Amino acid sequence: MAKKDKGDEEFRPTGTIAVLTIFVITLIAIWATIYMILVGRGGTL
Amino acid sequence: MHIDSYERNWMIFSIVMLILFATAVSVAAFGMGIQVPAPEQRVDPKTVATDPNSPWSNPGLREVEPGKYDAYILARAVPSWEYLPKEMTVPAGSRVSFYVTSADVQHGFKIQDTNANFQVVPGQVSKLTITFDKPGTYNFICTEYCGSGHGVMYGSIIVTP
């Protein structure tokens, strides 16, 4: 757990940052994968 | 108004991501022609399958010019859940425009391994154009629950070399 003993100004939510980083990387990876499949299947007009 | 730096950075990042995603989708839609269909025309669902002047009274593939086809497909649940025709054959490289409508309830139409995926609404014709470059069998299925026969409602497009 993040330490708060040095005051709120120096508090760094390292756990939250780690979880959000994993979330963002996963989001971008999945989104990009599906987007490439979409583009690879060609147009519809 | 004070905004915490972490919150501000997260908001900026989120907005940037949204802009990037929207840009990517716009490029696919307007630059590459990957779009969902708008209603092509209106038809009377009560007569679309029986009117001699209706293409869907004799559904099937029509060659417009070499390498280009119009496929008129009728989806129905009565008397049996099916697409008419259930099977079509085209050579590789063919550009096929699908005109699909329903004679009764709402159906779906999705051609596997392509971007053709749309609703089939009675009274309305949905149109999409797909170019089949690779030989093989492309199955199409119903993607909108339409009754007890929904699961067996499918067809195939056979692309020959």
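This is a predicted model: local features need pLDDT of at least 70, side-chain atom pairs count only at pLDDT 80 or more; totals for chains, interfaces and linings use all residues.
Where in chain B is the place of Asp113(B)? Asp113(B) sits in the loop between strand 7 and strand 8 of chain B.

1. The turn at Asp113(B). Strand 7 and strand 8 of chain B make a hairpin, with five residues between the two strands. Asp113(B) counts as exposed because its relative accessibility is 53%, and the cut-off for exposed is over 50%.

2. The salt bridge between chains. Asp113(B) forms a salt bridge with Arg41(A), and the closest N and O atoms are 3.9 Å apart. Arg41(A) lies in the segment after helix 1 of chain A, while Asp113(B) is in the loop between strand 7 and strand 8 of chain B, so the pair joins two chains. The distance should be read against the cut-off, which is within 4 Å. Arg41(A) is partly exposed, at 32% relative accessibility.

3. The other salt bridge. The count over all chains comes to two salt bridges. Besides the pair described above, Glu82(B) forms a salt bridge with Arg76(B), with 2.5 Å between the closest N and O atoms.

4. Strand 7 and its partners. Strand 7 of chain B covers residues 107-111 and is mostly covered, with four of its five residues buried. Strand 7 pairs with strand 8 (residues 117-120) of chain B in the antiparallel sense, over four bridges. Gly108(B) has Gln119(B), in strand 8, as its bridge partner. Strand 7 also runs antiparallel to strand 10 (residues 136-141) of chain B, to which two bridges join it. On that side, Lys110(B) has Ile141(B) in strand 10 as its bridge partner.

5. A buried threonine. Thr101(B) belongs to strand 6 of chain B, residues 94-102. Its relative accessible area is 0%, and Thr101(B) is therefore buried. Leaving aside neighbours within four places in sequence, the residues in contact with Thr101(B) include Val43(B), Val48(B), Trp56(B), Ile73(B), Leu74(B), Val120(B), Val121(B) and Val125(B). Gly123(B) and Gln124(B) are also among them.

6. Two cis peptide bonds. Val78(B) and Pro79(B) are joined by a cis peptide bond, with omega about 0°. Pro79(B) is in the loop between strand 3 (68-76) and strand 4 (82-84) of chain B. The peptide bond from Leu84(B) to Pro85(B) is also cis, and its omega is near -5°. Pro85(B) falls in the loop between strand 4 and strand 5 (87-91) of chain B.

7. Helix 1 of chain A. The 27 residues of this helix should span 39 Å at 1.5 Å a residue, and the end C-alpha atoms are 39 Å apart, which agrees. Just after the helix, Gly42(A) takes a positive phi of about 85°.

8. Leu20(A), Phe23(A), Leu27(A), Ile28(A), Trp10(B) and Phe13(B) make a nonpolar surface patch of about 480 Å². The elements giving two or more residues to the patch are helix 1 (14-40) of chain A and helix 1 (5-31) of chain B. Helix 1 of chain A gives the most, with four residues. Trp10(B), which is in helix 1 of chain B, is partly exposed at 35% relative accessible area.

Definitions and conventions: Residues are numbered from 1 along each chain as its sequence is written. Chains are lettered from A and ligands numbered from 1 in the order in which they are written. Side-chain values use heavy atoms; hydrogens and water are left out. Patches are made of residues with over 30% relative accessible area and no salt bridge: like charges are joined within 9 Å, nonpolar side chains (Val, Leu, Ile, Met, Phe, Trp, Tyr) within 5 Å. Accessible areas come from the Shrake-Rupley method with a 1.4 Å probe; for residues, only the protein chains shown count as cover. A salt bridge is a side-chain nitrogen of Lys or Arg within 4 Å of a carboxyl oxygen of Asp or Glu. Buried means under 20% relative accessible area, exposed over 50%, partly exposed in between (1.4 Å probe, protein chains only). Contact means heavy atoms within 4.5 Å. Two strands pair if DSSP finds at least two bridges between them. The expected span of a helix is 1.5 Å times one less than its number of residues.
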